[in-house]
Amino acid sequence: MYTVLTYFVSLFVIVISVFITLFIKNELERMFRDKNNMVPFHICNVLITLMVSFAAHAVMTIYIIGNEFDWILQFVILMFIILPIYILGHIAFEKYKLVYQKYITAESGKVIVLNEKYLKKKKWPSKFKNYNAFSKEK
């Protein structure tokens, strides 16, 4: 029972860590604008996720449950949990990023096409359109 709880907490930490690292990787891609050499970012993201999940699993196993911690076995098990989640998360994040991209640029930096799906997405509900209209009248 405690083992299932430990792996459930580790899975929860892994999912959150993958989401955060992929978001940071996306921001770094936008900052550097170099989409060809992203392998080091992926390696760092997997290592960061591994460290966080390893720490959460160790704390749950040693301090809360009171069992011994087998380092190599847990490393292998956590890697088998992390890699599929990271790959699926990366694919989903890239698909979301392409669908809701504001525009497509050429290599020169000029805007080629505005994305219609981004333009159709509502920014604010209509009730907020005249939110400060009453205060402006006075």
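A residue is called buried when its relative accessible area is under 20%, exposed when it is over 50%, and partly exposed in between, with a 1.4 Å probe and protein chains only. The model shown here is predicted, so that local features need pLDDT of at least 70 and side-chain atom pairs count only at pLDDT 80 or more, while totals for chains, interfaces and linings use all residues. Residues are numbered from 1 along each chain as its sequence is written, and side-chain values use heavy atoms, with hydrogens and water left out.

The chain has 138 residues, of which 24% count as buried. Its secondary structure comes to five helices and two strands, where helices (H or I, at least four residues) and strands (E, at least two) are DSSP runs numbered from the N terminus. Read from the N terminus on, these elements follow the order α-α-α-β-β-α-α.

Among the buried residues of helix 2 are Val46, Leu50, Phe54, His57 and Thr61.

The structure holds one aromatic pair. Phenylalanine 54 and tryptophan 71 form this pair, with 5.4 Å from centre to centre and 45° between the planes, and the pair is tilted. Rings of Phe, Tyr and Trp (its six-membered ring) pair if their centres lie within 6.5 Å, and planes under 30 degrees apart count as stacked, over 60 as edge-to-face and the rest as tilted. The pair links distant parts of the chain, since phenylalanine 54 is in helix 2 (residues 39-65) and tryptophan 71 is in helix 3 (residues 71-99), 17 residues apart. Phenylalanine 54 counts as buried because its relative accessibility is 17%, whereas tryptophan 71 counts as exposed because its value is 53%.

Threonine 61 is also found in helix 2, and it counts as buried because its relative accessibility is 9%. The side chain of threonine 61 reaches the backbone oxygen of histidine 57 at 2.8 Å. Leaving aside neighbours within four places in sequence, threonine 61 is in contact (heavy atoms within 4.5 Å) with Thr6, Gly66, Asn67, Glu68 and Phe69.

Conventions
Polar contact = N/O pair within 3.5 Å; in protein donor to acceptor, adjacent residues only side chain to side chain.
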